[in-house]
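Thank you for asking me to look over this model. My comments are set out below as numbered points.

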Amino acid sequence: MAAADAEADADAGGATESVDRMTVTVRAEVLQDVVDQLLTIVDEAIFRIGYEGLSVAAVDPANVGMVMLEVEPAAFESVGDGMFPIGLNLERLDDYIGGASGADPVTLSYRPERRSIEIEHTNVEVEMAGIDPDAIRDEPDIPAIDPSVEFETDAGLFVDAVENADLASDHVRFKAVVDDGEVVVIGEGDTDEIKTEISSEDISDGAIKRDAESLFSLNYLISGGMLKPLGSGTDLRVEYSEDHPVKMHYDFADGLGHVTMMLAPRVGTN
Amino acid sequence: MEFAAFAARAEELEAEPADLETVALVADLFTEAGPDLPTVTRFLLGRVFPAHDTRTLDVGPALCYEAIARAAGPNVTAADVETKLADLGEIGAVAADYDFGGQRGLAAFAGGGDGADGGDEAGSGGGGLTVAEVDAELRDLAAASGAGSESTKRDALFGLFNRSEPAEAKLIARLVLGEMRLGVGEGAVRDAIAEAFLSGDAEFDEKPDGESDEPVVHATDEEVATVERALQVTNDYGRVAVLAREEGAAGLDEEGLEVGRPVQAMLAQAGTVADALEEWDEAAVETKFDGARVQVHYDPAVADGTESDDALGPKLYSRNMDDVTDALPEIVEYVAERVDVPVILDGEVVAVDGEGDPLPFQEVLRRFRRKHDVDRMREEVELRLHAFDCLHADGDDLVDAPLRERHDRLAALLPDAAADVTVTDDPDEIAAVEAAALEAGHEGIMLKDPDAAYTPGDRGRNWLKRKPDVETLDLVVTGAEWGEGRRASLLGTFELSVRVEGSGGGDGGDGGDGGDGGDREADAYETIGKVATGITDAELEELSDLLEPHVLAESGTAVDIRPAVVFEVGYEEIQRSPTYSSGYALRFPRFVEVRSDKDPADADSLVRVERLAGDADD
């Protein structure tokens, strides 16, 4: 999986930022997946698009959740010979590409002199103004650490476990004990508690290296949160350590798109 | 400046009951504010933006409660916050009572930091907020628009609470809801600016015996007046504070009006013809129009027949300095077609029928803040501009000029729209003007001192409004009761209060200065009665929708409501009464309409009620 690479490169910003007009073409479903994932935490983001593909990272207004996303150039029908950066309002972009679907080609033409992009698909042409990149929140640079717990499981199973926690609480606790070899997803309400086990049989790869438990806000995960685009059939890799951000990685676009989601924990509440 | 340091000063101010000491404390804060001086000045008054700026945070109580609940911890709900609010009485105390900061921010883990330990990294729970950061976050929050803006605002506010200690959280909650409760009004800020930056010695004086640390404020009346004048023409406390510090009195004296920067409207008191003729040699008598106040700003910036880049407007601002330009296109066209020099005009927009006769005030309201269907409503409701004052004309600031001169300039600029003025010392002539105004369907007359300057924001005795009979009061809704039976889901029996000027602030009472517009001395509100009649079921539904977002607390069927909505209420008589806290009650009160053009700070005052009841000292 190349998600770790996406994470490492998210802040790199590409090699050569183009000041010339340039055009890329991508399938509608790929672009739609990108927008859908970003919209789970932000309404505007800075894209870097071109011969290196697409990369974008966005942190929510409270600096608690982050999405980093990379699409390899092979996922594009065509790429230019430079990279262009542009800040875009995601709700408007979502509206503008809504008429295209599946493999419909969507052409994005960068107009640096107007700091805008032209979007063309089906029988639609849109000129969309960019947002000043300085007006968009910078994402923090989170160093990689050796996680105490990392496991890969079916995304549908994981989402179900997290949604179960929501039945009793507005936070979810991930708890893993080395000797048990399983991860327990817990929702602790004022009166009720619900536990869903992700057993070793459900874990296709990974290791519990150290006992670890951490608490996370469900606001960021479900009900339109970061897990919204995920369903059964997608492999999800989860990494966390005691009282550290949880990282969740998955691929899309036939393995050419890579997503890393990150969520900071709530601490001091046991 | 660390936000925690500002919050500590705010706590001192809140605990300080004495006016002079408050001014000294604020002056001290200003001298230490450094580059944050404009922000600190505005924050003290419950503002993020200058008063002339039309941007608002647009954060209601419900959104604030949700953000607090999220920061407060697992399984705390907005309903829990409201319950605590009912116990503690105000949102700042509620925010301070929770233990925020359990939710880490990602930035706490950046660069190898161990966010689990808290610490000072930006984004961690607790610590690290600066005044500039809070200002920037709130400005970003105000800029959020579109379908997801409410969620963005909630997230941003949650992020701020998450990073705040109790004293900081208290201030943030109060700031976003415009209820600072520090006991620091505009007058104290004005005096403190003079004290900090114009007075020769801002240190405390000790009495000769050395036993008292009673503060002495050194700023002279002249220095305070210099600040006051600059505030009136700039309408920006932050800017004036910086100017005073950087350039002193000379810099403040150079400040003038700026076309496109609205100033507060000059206001009138109620008064009689006898009052006017006793106080002035002559009275300028004008028609009192039953319309909506507008301030017109226009700079055609035409040179050699070509419009330059400096052109602006015409822009139209309401009495509360909201931009209402788009809603009133015919007024914009009227001014643009007739005026060819930069101007700032004051006037009233009135709805008229096909014959040009005035229509009731509510017809204007159908147009005034409309954002949609403007063209259709333009066909339905015809508007006319009656300009009655000229603050600026062709490069000349006229606020210090006498009314006679200002009106002459106005009449030369807009002869058709300039209100007629009769200057006389003859009561019979005044009565004739009044009779003609009423005959024409207008509200009555205004009496003005023809030699007085234009004093923005001042409700002085230089303008008097005389109505033929005092029949209605504009009162603030401070409570209500849930109905019964088929009205069980509707609010009714509305508790009404009069405004007590500048007596609120940190008293923990039901005072409040309303939204982001807290640029007045903190007012308090005292009850004067309840109104339940004159309201249809349809109106009850509308009033319930209007008032529910302002509900502070509920007990049984009784509901406490944050002062935000003004009702015009008719009555037959004002009586002294021990039942209500104002000491007065209305006989046969009846609901007339919602005064959506007025803030609580514009509601009728207890002083006015005393005068109407014949109990005023004067």
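1. Basis. This is a predicted model, in which local features need pLDDT of at least 70 and side-chain atom pairs count only at pLDDT 80 or more, while totals for chains, interfaces and linings use all residues. Residues are numbered from 1 along each chain as its sequence is written, chains are lettered from A and ligands numbered from 1 in the order in which they are written, and side-chain values use heavy atoms, with hydrogens and water left out.

2. Salt bridges in chain A. Over all chains the structure holds 62 salt bridges, each being a side-chain nitrogen of Lys or Arg within 4 Å of a carboxyl oxygen of Asp or Glu. One of them joins Glu213(A) to Arg173(A) at 3.5 Å, N to O, and it links distant parts of the chain, from strand β15 to strand β11 of chain A, 40 residues apart; helices (H or I, at least four residues) and strands (E, at least two) are DSSP runs, numbered from the N terminus. Arg173(A) is buried at 5% relative accessibility, whereas Glu213(A) is partly exposed at 25%, where buried means under 20% relative accessible area, exposed over 50% and partly exposed in between (1.4 Å probe, protein chains only).

3. Asp205(A) and Arg237(A) form a salt bridge whose closest N and O atoms are 3.1 Å apart; Asp205(A) lies in strand β14 and Arg237(A) in strand β16 of chain A, so the pair ties together parts that are 32 residues apart in sequence. Asp205(A) is partly exposed, at 41%, and Arg237(A) is buried, at 15%.

4. Sheet in chain B. Five strands form an open sheet in the order β6-β3-β7-β8-β9 (chain B), with antiparallel pairing, two strands being paired if DSSP finds at least two bridges between them. The edge strands, each pairing on one side only, are β6 (312-318) and β9 (396-397) of chain B. Within this chain, 10 bridges join strand β7 (residues 343-352) to strand β8 (residues 382-393), and Val350(B) has Arg384(B) in β8(B) as its bridge partner.

5. Asp396(B) meets Arg409(B) in a salt bridge of 3.2 Å, N to O; the former lies in strand β9 and the latter in helix α17 (residues 403-413) of chain B, so the pair ties together parts that are 13 residues apart in sequence. Both side chains belong to residues that are partly exposed, Asp396(B) at 35% and Arg409(B) at 26%.

6. Backbone angles. Asn63(A), in the loop between β3 (53-59) and β4 (65-71) of chain A, has a positive phi near 60° and counts as buried at 14% relative accessibility. Thr493(B), in strand β14 (residues 491-500) of chain B, has a positive phi near 45° and is partly exposed, with a relative accessible area of 29%.
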